[in-house]
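Take a moment to look it over, then follow the topics below.

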Amino acid sequence: MYRQDRSRPTPPTRRAVLGAGIAAGGSALVTACSGGGADPTGGAGKEAALPGPGSSGGDGKRVRPTWTPSPEGKLRGLTFTATPATVEIGGGRTVRTSTYNGELPGKEVRITAGDTLQLTLANHLPDPTTVHWHGIALRNDMDGVPDVTQPPIKPGGEFTYRFRTPHPGTYWFHPHLGLQIDRGMYAPLIVDDPNEPLDYDAEWIVLMDDWLDGIDGSTPEDVFDQLRKGKPAMGHGSGHHGHDRGGRPVRSKPSGGVPAGYGPPGAHAPERSDASPSPKAEKDPNLLMKGASSPLLGGHAGDVAYPHYLINGRTPDDPAQFRAKPGDRIRLRLINAGAETAFRVALGGHRMTITHSDGFPVRHHRTDALLIGMGERYDALVTAKDGLFPLTALAEGKNGAGMAVLRTARGALPGPTARPAELDRAVLPSARRLRPHESVEFDRRRPDRIVKVTFTGDIQDYDWGTDHVPYSPDAVHRIERGERVRLVVINATDMWHPVHLHGHTFALAGIDSHGARKDTAIVLPHNKLVLDFDADNPGHWMLHCHNIYHSESGMMTTITYRP
């Protein structure tokens with residue numbers, strides 16, 4: 001699954017020899033999110049206006065870009081269906097879950113940078129849904145945030161997403177409503193560089209996931225109710241947006257027009273659901289865990305006892321296999337699609353060279369293993385040895401791991417409990433140690449504005465929020481177009497959080513230079529992240545923790561600015 005064979009000859013001008021760092025790495029990229037503004041193409045079959053504001057408040061030589069995205073580019077049209085399906089996850093185990101097109105994971109979508117993706121999602125689920133295009137600097141009304149950038153797609157309805165893909169890289173897409181991300185609705189989105197500077201023979205897309213849906217009758221809603229002790233959801237699946245935490249309607253919509261509650265932050269007064277907790281919310285000790293701890297994560301690692309960890313939809317006892325030849329140079333595209341688990345990733349018998357983080361090139365960095373939080377992506381190069389090698393995704397601080405296998409020879413598969421020695425050698429704990437490639441490095445412009453957001457809450461009370469309150473559509477942070485914004489995210493809690501900003505990439509700010517370009521980054525307990533981004537893509541953009549149980553508890557807020 002997810003193999004791309006690059007054995008066909010390619011013109012020399014479109015390749016670069018891998019060697020001294022990244023001499024031509026990222027040459028096809030433009031800096032500072034350029035091209036990320038509003039796309040002139042329409043969505044949902046017509047021109048869609050930007051929602052209004054809320055009523056309340058390697059190293060190597062510098063290379064010039066070798067391509068310029070056209071205003072439209074070629075159009076790639078697709079149709080996906082969100083549908084319930086029974087899928088086999090390995091060892092004969094089957095689960096009933098929500099999927100894209102009945103597959104787990106969903107089929108990869110590939111497009112060339114500068115071209116336009118038009119994907120129509122038909123909703124065959126019993127609940128509303130949306131699609132969020134994680135990491136893409138797209139037009140705001142295609143971002144897939146229910147009741148902020150679009151109305152939820154009703155059961156039986158459909159919605160056409162149409163946007164230009166400005167930057168090459170490894171991305172993915174998933175729902176942004178309720179707890180649906182902790183089911184099977186996710187897929188990779190690969191934006192190819194038309195002048196790819198890396199030299200490699202094959203590509204292996206690796207999606208990691210923590211899995212409980214359908215196991216012995218468990219659901220993400222059961223887990224959420226246990227964690228919250230019956231308190232209602234406060235995120236985009238909550239009652240004040242028209243749906244309970246599972247996406248089921250709780251209030252009526254007016255006839256005609258947009259659904260009640262749809263629109264920009266602050267356009268409607270929040271409504272809270274007074275529905276009683278789900279009758280399934282009886283305490284089941286098998287779904288929650290205590291004592292999960294990791295020094296790499298600063299202590300507490302997580303709360304959910306997942307029965308399985310998957311790589312490309314398979315369990316370690318019946319793993320996905322990637323076939324290659326000894327000596328092949330393989331590009332790994334690593335995506336953490338999990339809901340509550342960080343993974344420590346290593347390929348047995350190999351070192352990897354990190355080339356990209358969240359789609360953007362970095363100066364090459366050699367490591368044995370890396371830590372990847374929910375929503376993060378890393379690209380790496382490996383040269384395949386002769387044999388069978390476990391690619392292990394250790395559930396950091398928890399008991400268990402996902403595993404896939406690199407096969408370049410005949411022989412027996414590694415056992416499901418294989419733990420490569422590389423997991424305990426040199427580990428890249430975060431992108432803070434990476435340096436951006438020169439082609440995408442921010443200039444040293446001073447910030448025009450500083451926005452401070454504090455992540456707050458308590459592990460025991462599970463009352464996650466920002467600035468001591470849960471998410472409200474009326475609470476927005478206003479900035480102005482054209483500003484260099486410094487975002488300071490302060491973690492005042494006893495747990496780590498993966499911080500995700502929609503619609504932009506940011507640079508990890510350093511003392512004397514800017515760090516790697518990212519859209520998702522880990523902040524450790526009682527630490528802070530300092531992130532710089534350019535306000536060049538107007539709209540209403542979510543900033544939230546990518547632990548779905550934290551965000552649905554209320555750990556999210558909105559950054560907004562006008563065209």
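Strands here are DSSP runs of type E with at least two residues, numbered from the N terminus. By that count, Asn491 belongs to strand β27, which covers residues 484-491. Keep in mind that this is a predicted model.

**Asn491 and its surroundings**
- Asn491 has a relative accessible area of 1%, and it counts as buried because that value is under 20%.
- The side chain of Asn491 has a polar atom 2.8 Å from the backbone oxygen of Met495.
- At 2.9 Å, the side chain of Asn491 also reaches the backbone oxygen of Leu524.
- Leaving aside residues up to four places away in sequence, Asn491 touches Phe455, Trp496, His497, Val523, Leu524, Pro525, His526 and Asn527.

- Gly90 sits in strand β2, residues 75-90.
- With a relative accessible area of 0%, Gly90 is buried.
- Gly90 and Pro319 are 229 residues apart along the chain, yet their C-alpha atoms are separated by 7.1 Å.
- Contacts of Gly90, not counting residues up to four places away in sequence, are with Arg314, Thr315 and Asp318.

**Nonpolar cores**
- The largest nonpolar core has 126 residues, of which Trp133, Leu189 and Tyr549 touch the most other members.
- Strand β10 (residues 202-211) supplies the largest share of this core, with seven residues.
- A second, separate core holds five residues, among them Val145, Val148, Tyr471 and Met556.

How values were computed:
Residues are numbered from 1 along each chain as its sequence is written. This is a predicted model: local features need pLDDT of at least 70, side-chain atom pairs count only at pLDDT 80 or more; totals for chains, interfaces and linings use all residues. Side-chain values use heavy atoms; hydrogens and water are left out. Helices (H or I, at least four residues) and strands (E, at least two) are DSSP runs, numbered from the N terminus. Buried means under 20% relative accessible area, exposed over 50%, partly exposed in between (1.4 Å probe, protein chains only). A polar contact is a pair of N or O atoms within 3.5 Å; within protein, one must be able to donate a hydrogen and the other to accept it, and residues adjacent in sequence count only if both atoms are side-chain atoms. Contact means heavy atoms within 4.5 Å. A nonpolar core is a set of buried Ala, Val, Leu, Ile, Met, Phe, Trp, Tyr and Cys residues joined through side-chain atoms within 4.5 Å.
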